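The sequence and the model come first, and the notes follow.

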Amino acid sequence: MIRHTVGRLVSTVFLAVVLAFFALPMLWLASAPFDDSPAITTSVPEFTLNNFAVILDNPYALGSIRNSLIQGGGAAALVVVLAALAAYALSRVRVPGRDVLLYLLLLLSSVVTGTAAMVPIFELATRLALIDTHLGVILVVSGGLLPAAIFILKDFMDETPTSYEESARVFGASSLQILRHIVMPLVRPGLATIAVWALASVWGGFLFQFILLRDPDKAPGSVILYTLYTEGGAPKLDLISTFSLLYSLPVVAMYLFVSQRYGFRFHGGIKR
Amino acid sequence: MARPMSAVDAAGLGRGRAVGFVLPALVLIGVFLVFPALWTIYLGLTDYRLTGLAAANPQVVGLDNYTDALRDPRFLGSLWLTVGYVGGSAVLGQAVLGFALAWVLRTRTGRLRRLVEGVVLLSWILPSTVVGFLWFALLDRDDGTLNALLNTPGFAWLLDHPLLSIIVFNVWRGTAFSMMLYSAALENVPPSHLETARLAGASVFQQLRDVVLPLIRRHVLTNLLLISLWTFNDFTPFVLTGGGPEGRSEILPIYVYNVALRGGELGAGAAVSFLILLINLAFALVYLRLLRDRRRREAALTGGPPA
């Protein structure tokens, strides 16, 4: 009994230390945006909402959020549509070599990382005139996300019954109609998971956006934030902290949405 | 549609249309994933540069880039830093802290558990540049929160201990994955086994070694492989230190960026990229072997975080 109590005490102390370690860097994010004159040290703020008004006037802040939305939304749409088409066909038809193909794709997506591919990707984008375009970021990111997306969606599709599709076919529906009106609604949780995962990946992603976009007018929030605190003299703390908070909220909201609605299973990538 | 359909082809797609459905995805993957991987091999054999003479007319130089790299103290130093970074932050840091959290939280319910899980997860899902700046503010020399707390004004963490800084940073950033994986794994350990061991007088260490570890061995292996692979390819420390000072936190991903895209030596950078690719391949092949007779759904883990 004593051993139990001591163990419980030790574990509580351990949890408190871990809690402090993880919460410490975040305190600043919670306090500085509301602070009248934020310093880099975490402190109890002189409460104000003025910083949020300032950010609306900054030319790059809102524009970069729009860029993040274009790039993230574009990649999410492209990945969902292409992955759904491919996963459906692979789930319903025995294409020769299907299982080998799926394994190869998975292998590729984990091996060809941004680090390993940044040089050829930069070269490729330069030659295809995709530097400083939203499309470039969307295509490059989608290529990396698709294999895992197909894999996960195929799993969802394998679990849906095929009887509806058979009867729809009897009534003369085309394959695309069947896919759109019968299969899609059945696998909606899967589609939502993939869409949120893709959007969150692009939203928080840095490397590809950083090397493919030189023009600050095209840069997403993640890159603008980096330039704000690394370039040009004293960082404007009020601006940076407020922007950090604004930029983090959608990701947290998306995460909460998926985990509450569909139950969070860690499909590895649901983060960044 | 007169052709008889096999039983599996319920939607009547037929092979032709099935291929048509798969093709757009395959083309995109082919152009932006497979082709770059292959092109790295070629680029790595040339003296290709971003600007200058070798930019217009690159020459094939064979294995020169590789032999140069292996003689270059900067590359070898970067390699060792990477080993330290992966070993320290992934294997020792994330895996051990993640398991400890899963183990301790397993018997807890209520507010403390939700709070701890919440902050650990939050540090995982925040955008990387936001996280970079939070740590920048925490470790700042003059006004950083850490110096204020420890009463060590003026201590330059990022300058004096750059590797330690990015190791601790990555433990903070990535422990959530290990915590969740081990939490799921520990659910497979029957409480009665632990109870029996406890009644027999086994210490916590003995319980872990003799009861828990044999049951979750595959999870441990999966965890170590994946977090090592991800950490090995992690570019995020760039937003904190940029590889500096004087290359003392220049892990391989940052080395490639600095050499190829900042320094303009695309050929030399591509050669190192290819080495990274080979090491990734070794990790992934071991992982897929492990996975072969497991449920498909867990394979989705390989989705992994993009850089």
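In chain A, 74% of the contacts with a separation of 6 or more are between residues 24 or more positions apart; two residues are in contact if their C-beta atoms, placed from the backbone, lie within 7 Å. The model is predicted: local features need pLDDT of at least 70 and side-chain atom pairs count only at pLDDT 80 or more, while totals for chains, interfaces and linings use all residues. Residues are numbered from 1 along each chain as its sequence is written, and chains are lettered from A and ligands numbered from 1 in the order in which they are written.

Chain A has twelve helices and zero strands, where helices (H or I, at least four residues) and strands (E, at least two) are DSSP runs numbered from the N terminus. Of its 272 residues, 51% are buried. A residue counts as buried if 20 or more other C-beta atoms lie within 10 Å of its own, as exposed if 12 or fewer do, and as partly exposed in between, with C-beta atoms placed from the backbone.

## Domains and annotated spans of chain A

Chain A is assigned domain 1 (2–27) and domain 2 (60–262); such bounds come from an automatic or database domain assignment. Taken over C-alpha atoms, the centres of domain 1 of chain A and domain 2 of chain A are 37 Å apart.

An unreviewed UniProt entry annotates "transmembrane region" at residues 12–30, 69–88, 100–122, 134–153, 190–212 and 239–258 of chain A. UniProt positions are given in the numbering used here, feature names are shortened, and annotations may be inferred rather than shown by experiment. Residues 100–122 of chain A are 91% helix and 0% strand, with 30 Å between the end C-alpha atoms. For residues 190–212 of chain A, the end C-alpha atoms lie 30 Å apart and the span is 91% helix and 0% strand.

## Chain B: overall features

Chain B has 14 helices and zero strands. Its C-alpha trace spans about 80 × 75 × 30 Å along the principal axes. Chain B has 307 residues, and 45% of them are buried. Of its contacts with a separation of 6 or more, 69% are between residues 24 or more positions apart.

Helix H3 (residues 64–71) and helix H14 (residues 266–291) of chain B pack at about 80 degrees, with axes 9 Å apart. Axes are lines fitted to C-alpha atoms, for helices over the stretch in contact, and angles run from 0 to 180 degrees between N-to-C directions. H3(B) and H14(B) are therefore roughly perpendicular, the word used for 65 to 115 degrees; under 35 is roughly parallel, over 145 roughly antiparallel and the rest oblique. On the H3(B) side, Asn65(B), Tyr66(B), Asp68(B) and Ala69(B) meet Gly267(B), Ala268(B), Ala271(B) and Val272(B) of H14(B).

Thr241(B) is in helix H12 (residues 237–241) of chain B. Thr241(B) is buried, with 24 other C-beta atoms within 10 Å. Beyond neighbours within four places in sequence, Thr241(B) contacts Leu158(B), Pro162(B), Ile166(B) and Ser249(B).

## Where the chains meet

The contact between the chains takes 91 residues from chain A and 85 residues from chain B. H1(B) gives the most to the side of chain B that touches chain A, with 19 residues.
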